[in-house]
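Student: Could we look at a structure together and talk through what it shows?
Tutor: Gladly; here it is.

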Amino acid sequence: MKKAMTILYEVHGNLYVNLTNKCPCACTFCLRQTRDHMEESDSLWLEHDTTYEELVEALQQIDAATMEHYQEVVFCGFGEPTEALDVLLRGAAYIKEHYHKPVRINTNGLGSLINGEDIAPKLAGLVDTVSISLNTPDAEEYHKLVRSKFGDQSFSAMLQFAKECTKYVPHVVMTTVDTTISHEDEAACQKICDELGVKYRIRPWED
Ligand code: SF4
């Protein structure tokens with residue numbers, strides 16, 4: 001497996017941030033099982049977790065015109081960004097202060113379990129969108145799919161995190177991947193999202 005310090009990379013006109021390869025899950029569908037990079041990036045397997053200083057340095061190397069054309073900065077990468085919560089929060093603050101870009105986190109929604117506390121309040125004013133992988137409306141199926149190290153509590157913790165985020169983050173989205181579940185299950189996901197007060201999005205693979 002090739003490793004590199006690919007901290008920033010571009011996807012669909014957005015700037016993506018790769019903070020860590022840590023993740024409490026071992027999803028059956030995880031892209032990391034079959035590839036080491038995204039279309040335009042080098043390997044996303046990191047030599048070590050990105051530090052705040054390394055993130056700032058990487059951001060400063062982007063020229064103003066290039067930065068200007070990014071619509072959003074997305075904390076995503078080849079791992080769960082809330083595993084690196086401190087760098088994520090400090091990095092989001094730096095991006096807000098220097099570039100005035102909307103900030104999104106793509107997450108498995110287990111950040112409060114990972115950090116041992118409700119992290120939603122910490123996102124206030126720093127994160128504009130939280131996009132959480134719902135994957136399926138069924139708790140049992142969820143556990144089989146994501147194989148979280150936190151076990152059975154994971155599905156309800158993920159839903160609770162989404163609900164808490166609605167208090168602090170302007171846009172909370174839960175996603176499933178197009179064609180991976182039935183239309184009946186998509187309708188059930190819509191119902192869950194309606195009850196939580198979040199937006200439901202069926203996304204293409206690799207988004
Ligand atoms: S949560 Fe994301 S990074 Fe973690 S195993 Fe699942 S797909 Fe991979």
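Student: Why is strand 6 largely enclosed by the rest of the structure?
Tutor: First, a word on the source: this is a predicted model, where local features need pLDDT of at least 70 and side-chain atom pairs count only at pLDDT 80 or more, while totals for chains, interfaces and linings use all residues. Residues are numbered from 1 along each chain as its sequence is written, and side-chain values use heavy atoms, leaving out hydrogens and water. Helices (DSSP runs of H or I, at least four residues) and strands (runs of E, at least two) are numbered from the N terminus; buried means under 20% relative accessible area, exposed over 50%, and partly exposed in between, with a 1.4 Å probe and protein chains only. Strand 6 is largely enclosed because, of its seven residues, the number buried is six.

Student: Which residue in strand 6 is the bridge partner of Ser133?
Tutor: Two strands pair if DSSP finds at least two bridges between them. Strand 5 and strand 6 pair in the parallel sense, over five bridges. In strand 6, the partner of Ser133 is Thr175.

Student: Which residue in the hairpin of strand 1 and strand 2 takes a positive phi?
Tutor: Strand 1 and strand 2 pair in the antiparallel sense over four bridges, and Val11 stands opposite Asn14 in strand 2. The hairpin has two residues between its strands. The residue with a positive phi, near 50°, is His12.

Student: In strand 3, what is the bridge partner of Tyr16?
Tutor: In strand 2 (residues 14-17), Asn14 and Tyr16 point one way and Leu15 and Val17 the other way, and all are buried. Strand 2 also pairs with strand 3 (residues 73-75), in the parallel sense over three bridges. There, the partner of Tyr16 is Val74.

Student: Is Asn135 buried or exposed?
Tutor: Asn135 lies in the loop between strand 5 and helix 5. Asn135 has a positive phi of about 70° although it is not a glycine. With a relative accessible area of 9%, Asn135 is buried.

Student: What is the relative accessible area of Arg147?
Tutor: Arg147 sits in the loop between helix 5 and helix 6, and has a positive phi of about 50° without being a glycine. Arg147 is partly exposed, and its relative accessible area is 43%.

Student: What is the volume of the largest pocket?
Tutor: On a 1 Å grid over the protein atoms alone, a pocket is an open set of points where a 1.4 Å probe fits, with protein on both sides within 12 Å along at least five of seven lines; lining residues have an atom within 4 Å of a point. Grid points are joined across faces, edges and corners, and the volume is the space filled by probe spheres set on the points. For the largest pocket, this gives about 760 Å³.

Student: Which residues that line the largest pocket are the closest to its centre?
Tutor: The lining holds 37 residues. Among the elements giving two or more residues to it are strand 1 (8-11) and helix 5 (139-146). The closest to the centre are Phe29, Cys76, Gly77, Ser133 and Arg203.
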